[in-house]
Amino acid sequence: MPLSSIEKGEKNSKEIVHHRAQSPLVWGLFFVRRGRFSFIIIKESSECKARAGILSTAHLNVFTPAFMPVGTQATVKAMSSEEVWDMGYRLILANTYHLYLRPGLEIIEAGGGLHRFMNWKGAILTDSGGFQSYSLIDLRDINDEGLLFRSHIDGSEHFFTPELVVEIQERLGSDIAMVLDECIPYPSTKAYAEEAARRTLGWARRSKERHRRDDQLLFGIVQGGIYEDLRKENAREIVALDFDGYAIGGVSVGEPEEFMWTVIEWVEPILPSSKPRYVMGIGSPEDLLNAIEKGMDIFDCVLPTRLGRNGCVYTSEGKLNIKNARFKDDFYPIDPNCDCWACKNYTRAYLRHLYKAEEILAARLATYHNLFFYQKIMQLARQAIMEDKFLDFKREFLRKYKGAKDESG
Ligand SMILES: [Zn+2]
């Protein structure tokens, strides 16, 4: 069976099982490689580093490149799990720090684990809390042992060690766990970046030693700020620990955009091509396409959901601020080129009215459309890689997307 036929199984996990049964050679190679999971590249671009792959997790197979909607509190804001699934998403992100504090591990375990608790039948990646230690937590202390922080909910003090963070994620039952890392702000001195990279490496080693669940993947995270020698050294040391996949952390933290691409270019050749690569916290449609071109596979970002709630919608011709007065009598769909449920049934004028009236359906329609738009980009990007015309696809997409006036600021 050609791989293109397997591709068509993406929308239906039962169909994938069917293909697996019918093609023992392909799927046999696929599953023998690592037993509990594997990552296979099924097509590499001949023009750039873009690749299309299949990541096998405990729950199902995830086709890459993949964008993960952010479900911080065990919910992709304003969406039901069924809606996210029906759009074609198979991997979402949830947050260790938030779920540990509320509702707490006991409740989630009593509810049958994170998947059952939120009724999500796809795969879940849980982040480690490292990013929250930089962005959100009232951090009281950070040392080689771990992070001491105060809860943003009730002010209680907690101490996260790399071992505890692995244990929390094992109890949540996520498909992919992330090691605890120290994410530093931009700008940071080289001395601080070096200290954080050293700490991140030590924590990665301890996380690997503590990890027990063989139905859960564990990804390492590369840090090192914007310093080439630190990034490369940290990448080599993290890779030497042999994780199931690798993330590039500490990007999109306020640094000039060109630094983000430079960091990815430094690290990419060091990451084994046989393992999935995850760029944490990006990004815009342009960012995703650029990162795919540079050989990255997995992404997460709050942009489509957060901007949707704020009245900003993505279209094939750029972003629109739907609250703008010019949409008050615009009875076109949000994006005439989109065939999502929101675009097929509602108009820009209606959506604008909902925002003005502060109706919660506004957030639902815009979030649905934006996530659908992102998923479509990823599907088209993947298809373009399979047909070895990714750069043409990217050029044509950006010509339309960037050609129109961007009014979102
Ligand atoms: Zn739409």
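Trainee: Which residues does Arg210 touch, leaving out residues up to four places away in sequence?

Mentor: Arg210 touches Pro162, Glu163 and Val166. Keep in mind that this is a predicted model. Arg210 sits in helix H10, and Pro162 is 48 residues from Arg210 in sequence, with 8.4 Å between their C-alpha atoms.

Trainee: Why is Arg210 called partly exposed?

Mentor: Count the C-beta neighbours: Arg210 has 17 inside 10 Å. Buried takes 20 or more and exposed takes 12 or fewer, so 17 makes Arg210 partly exposed.

Trainee: What makes H10 and H11 roughly parallel?

Mentor: Look at the axes of H10 (residues 190-210) and H11 (residues 228-240): they come within 10 Å and cross at roughly 5 degrees. Angles under 35 degrees count as roughly parallel, so that's what we call H10 and H11.

Trainee: Which residues meet where H10 and H11 touch?

Mentor: From H10, they include Ala193, Ala197 and Leu201, and from H11, Leu230 and Ile238 are among them. The contact residues divide into 6 nonpolar, 2 polar and 2 charged.

Trainee: How do you know that E13 and E14 pair?

Mentor: At least two bridges are needed, and E13 (residues 277-279) and E14 (residues 298-300) have 2, in the parallel sense, so they count as a pair. Tyr278 stands opposite Ile298 in E14.

Trainee: What is the order of strands in the open sheet?

Mentor: The 8 strands run E4-E14-E13-E12-E11-E10-E6-E5, with parallel pairing.

Trainee: And what makes E4 and E5 the edge strands?

Mentor: Each of them, E4 (66-68) and E5 (91-95), pairs on one side only. The twist averages 25 degrees from one strand to the next.

Technical notes: Residues numbered from 1 in each chain as written. Predicted model: local features only at pLDDT ≥ 70, side-chain atom pairs only at ≥ 80, totals over all residues. Helix = DSSP H or I, 4+ residues; strand = E, 2+ residues; numbered from the N terminus. Axes fitted to C-alpha atoms, helices over the stretch in contact; angles between N-to-C directions. Parallel < 35°, antiparallel > 145°, perpendicular 65-115°, else oblique. Contact = placed C-beta atoms within 7 Å. Nonpolar A, V, L, I, M, F, W, Y, C, P; charged D, E, K, R; others polar.
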